[in-house]
Every structure is written in structure tokens, then in C-alpha cells.
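Please keep the sequence and the model in view while reading.

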Amino acid sequence: MSIFQIRQKKSGVVLWTGAAADEQTALDAMAREAGYRDFSSLPDTIRADGIEAAKLDLIS
């Protein structure tokens, strides 16, 4: 598992940060926490500004 941070591209707002196996799983987890079935279920208006998932490389 890796840590991902999902941001809205236009505003830079962090929508979700958490552990996931890959980018798609992270996007689906973010959507579920927001009350949707998965990322593809998010309204187009939310996805229109662009959403990006970044894998955070943390060094301990």
C-alpha cells in the first residue's frame, strides 16, 4: 500500500489523503468517503475541473 493525496487541480484543494494499492483505488476510496459508489459515480461538475492523485513518497 502507498499513501495517495487527491487534489482538485483548479483550486488545489485536498479532497482526500489515505492508503491505497494504486491511483484508481485511491480515487474510488475518496468517492466512497464522499458518499458515492466509486469515482465514476461522481457528478461531472466535480470532475470537470480535474482531479489528480499523487503518490506521496514519505521518507522516515
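Gly35 follows helix H1 and has a positive phi, near 100°. This model is predicted. At the other end of the helix, Asp22 caps the N-terminal end of H1, with a side-chain oxygen 3.3 Å from the backbone nitrogen of Gln24.

What does H1 lie across? The helix lies across E1, E2 and E3, and it runs at about 125° to E2. Its buried residues are Ala26, Leu27, Asp28, Ala29, Met30 and Ala31. The cover over these buried residues of H1 includes E1, E2 and E3.

The strands themselves form an open sheet of three, in the order E2-E1-E3, with antiparallel pairing. E2 and E3 are the edge strands, each of which pairs on one side only. On average, neighbouring strands of this sheet are turned by 20° against each other, direction ignored. E1 and E3 run antiparallel and are joined by six bridges. Phe4 stands opposite Lys55 in E3.

The discussion now turns to the interior. In soluble globular proteins, nonpolar side chains tend to be buried together. In this model the largest nonpolar core has 13 residues, and those with the most contacts inside it are Ile6, Trp16, Met30 and Ile51. At least two residues of this core come from each of strand E1 (2-8), strand E2 (14-20), helix H1 (23-33) and strand E3 (51-56). H1 gives the most, with five residues.

Trp16 illustrates how the parts of the molecule meet. Which residues does Trp16 contact, leaving aside its neighbours within four places in sequence? They are Phe4, Gln5, Ile6, Ala26, Ala29, Met30 and Glu33. Among these partners, Ile6 and Met30 also belong to the residues with the most contacts inside the core, while Ala26, Ala29 and Met30 are buried residues of H1.

Along the principal axes, the C-alpha atoms fill a box of roughly 40 × 25 × 15 Å. Of the 60 residues, 33% are buried. Among contacts with a separation of 6 or more, 37% involve residues 24 or more positions apart.

Note on methods:
Residues are numbered from 1 along each chain as its sequence is written. This is a predicted model: local features need pLDDT of at least 70, side-chain atom pairs count only at pLDDT 80 or more; totals for chains, interfaces and linings use all residues. Side-chain values use heavy atoms; hydrogens and water are left out. A nonpolar core is a set of buried Ala, Val, Leu, Ile, Met, Phe, Trp, Tyr and Cys residues joined through side-chain atoms within 4.5 Å. Buried means under 20% relative accessible area, exposed over 50%, partly exposed in between (1.4 Å probe, protein chains only). Helices (H or I, at least four residues) and strands (E, at least two) are DSSP runs, numbered from the N terminus. Contact means heavy atoms within 4.5 Å. A polar contact is a pair of N or O atoms within 3.5 Å; within protein, one must be able to donate a hydrogen and the other to accept it, and residues adjacent in sequence count only if both atoms are side-chain atoms. Two strands pair if DSSP finds at least two bridges between them. Axes are lines fitted to C-alpha atoms, for helices over the stretch in contact, and angles run from 0 to 180 degrees between N-to-C directions.
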